Amino acid sequence: MRLPLIFHSLHQRLQKMFVKKNEGGDNATPSIQDIAGRLAEEQQRLRQLEATTTPKERTVLVLGSKCVGKTTAINKFFDREEHATRPTLALEYSFGRRIGSGKSPQVMNVWELGSLDNAEQLLEVPMRTHGLQQLAVVLMLDLSQPQRFWTDLECAYKGLRDTAQQMMEKVTPELREILEQRTVERVGQQNKDVEKLDPLPFPVIIVGGKYDVFSGFDPVIRKHTCRCLRSMAHLIGGALLFYSQKMPKLAKVLRDTINHLGFGSPAHPFRSHVLDFNEPLCIWFGTDSWSKIGDTGAQSVERIGATFGVEVPQLQLEKQKLQETTDPAKDPGFKESLIDEMRSQKNEELAGLMRDVLLRGKFESVQT
């Protein structure tokens with residue numbers, strides 16, 4: 001979704017308003033007060049329309065690199081005790097409720113995508129179930145493996161972009177107008193890079209996980225990694241946050257951010273603005289620019305990936321890793337005590353039958 005198209009659409013609507021007025025006999029050029037009044041009426045109409053179409057729930061989709069701490073972050077947000085966190089296998093759902101004073105209950109749906117491998121259909125589930133109007137995405141990447149995370153970042157972005165484009169083609173013109181207006185407000189109408197961005201129609205916060213490990217890396221790697229993430233977040237109209245569960249200050253910012261996406265408070269969870277690659281980055285929507293990121297100018301996803309691949313060579317990821325269990329029944333993610341006991345018993349019975357067959361075969365061979 002290109003922002004210049006949004007401004008062009010708004011300009012055309014205003015022109016039509018004044019054309020109709022002039023057709024009525026008033027050929028005077030509209031004054032600044034007239035334009036301001038028309039804009040105020042247009043914004044009021046959008047707010048009223050949004051109030052009638054906005055659902056009472058919000059949805060947060062968490063996805064990203066494996067073993068980066070997605071489940072841990074969600075459990076910490078819901079104050080769940082963690083005894084032994086098992087790997088997320090596919091797509092898991094949870095929800096939270098908050099009841100304010102004199103207000104109806106607020107509901108936050110939280111979806112966690114376990115793996116990005118062949119996840120196109122799974123991505124559609126939360127996006128189509130709850131719609132785009134109240135969707136927010138938390139994309140977590142493993143900073144401790146800068147030679148690997150670009151594959152996850154690119155895969156997640158393309159999946160979100162393709163699904164969003166398909167859904168935007170089917171929404172009503174009124175809802176499309178609301179989503180476009182929100183995008184403009186999120187990125188900032190006065191942003192000088194506005195014509196060079198390609199934002200998604202919902203807020204995306206890129207979270208760089210395991211910052212405690214990343215902070216000890218070579219400064220050159222940290223510099224190029226930060227520039228890559230800043231470029232990607234700026235291009236898609238997103239925010240960027242570095243995080244580590246072992247660092248309470250950063251963990252609190254992520255917790256407040258999820259609370260903001262799900263319940264609307266605090267109004268601004270990023271209490272600081274950090275651009276220095278020697279510190280944990282903290283960059284809110286619409287506050288970065290191509291000139292601040294570097295002297296490379298506006299970039300595309302392909303160019304960002306190619307540049308980062310030269311500066312930090314990426315390892316080819318194998319789809320089938322050695323640590324993956326070949327027998328699904330032995331996968332710890334499928335543990336069920338009752339079923340496991342019955343299976344163990346059946347395995348023992350089967351082993352006994354096999355021994356009997358072998359003994360009978362040996363006995364018959366001796367007799368013959």
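In which handedness of crossing does helix 4 pass helix 5? In this predicted model, helix 4 passes helix 5 in a right-handed crossing. Helix 4 covers residues 120-130, and its axis comes within 10 Å of the axis of helix 5, crossing at roughly 45°. The two helices are therefore oblique to each other. On the helix 4 side, the contact is made by Leu123, Glu124, Met127 and Arg128; helix 5 brings Gly159, Leu160, Thr163, Ala164, Gln166 and Met167. Sorted by class, that contact has five nonpolar, three polar and two charged residues.

Helix 5, residues 149-168, also meets helix 8, residues 219-235. Here the axes come within 12 Å and cross at roughly 0°. An angle under 35 degrees counts as roughly parallel, so helix 5 and helix 8 are roughly parallel to each other. From helix 5, Phe149, Trp150, Leu153 and Tyr157 take part, and they meet Thr225, Cys228, Leu229 and Met232 in helix 8. This contact has seven nonpolar residues, one polar and no charged ones.

Now the aromatics. Searching the whole structure gives ten aromatic pairs. One of them is tyrosine 211 with phenylalanine 214, a tilted pair at 6.2 Å centre to centre, with 50° between the planes. Both residues lie in helix 7, three residues apart, about one turn of the helix. Phenylalanine 214 also pairs with phenylalanine 217, edge-to-face, at 5.9 Å and 65°.

Are these residues buried or exposed? Tyrosine 211 and phenylalanine 214 are both buried, the latter at 0% relative accessibility. Phenylalanine 217 is partly exposed, at 23%. Together with Phe242, the residues Tyr211, Phe214 and Phe217 form one aromatic cluster.

Note on methods:
Residues numbered from 1 in each chain as written. Predicted model: local features only at pLDDT ≥ 70, side-chain atom pairs only at ≥ 80, totals over all residues. Heavy atoms only, no water. Axes fitted to C-alpha atoms, helices over the stretch in contact; angles between N-to-C directions. Helix = DSSP H or I, 4+ residues; strand = E, 2+ residues; numbered from the N terminus. Parallel < 35°, antiparallel > 145°, perpendicular 65-115°, else oblique. Contact = heavy atoms within 4.5 Å. Nonpolar A, V, L, I, M, F, W, Y, C, P; charged D, E, K, R; others polar. Left-handed = near helix turned anticlockwise from the far one by under 90°. Phe/Tyr/Trp six-rings, centres within 6.5 Å; stacked < 30°, edge-to-face > 60°. Buried < 20%, exposed > 50% of the residue type's maximum accessible area, 1.4 Å probe, protein only.
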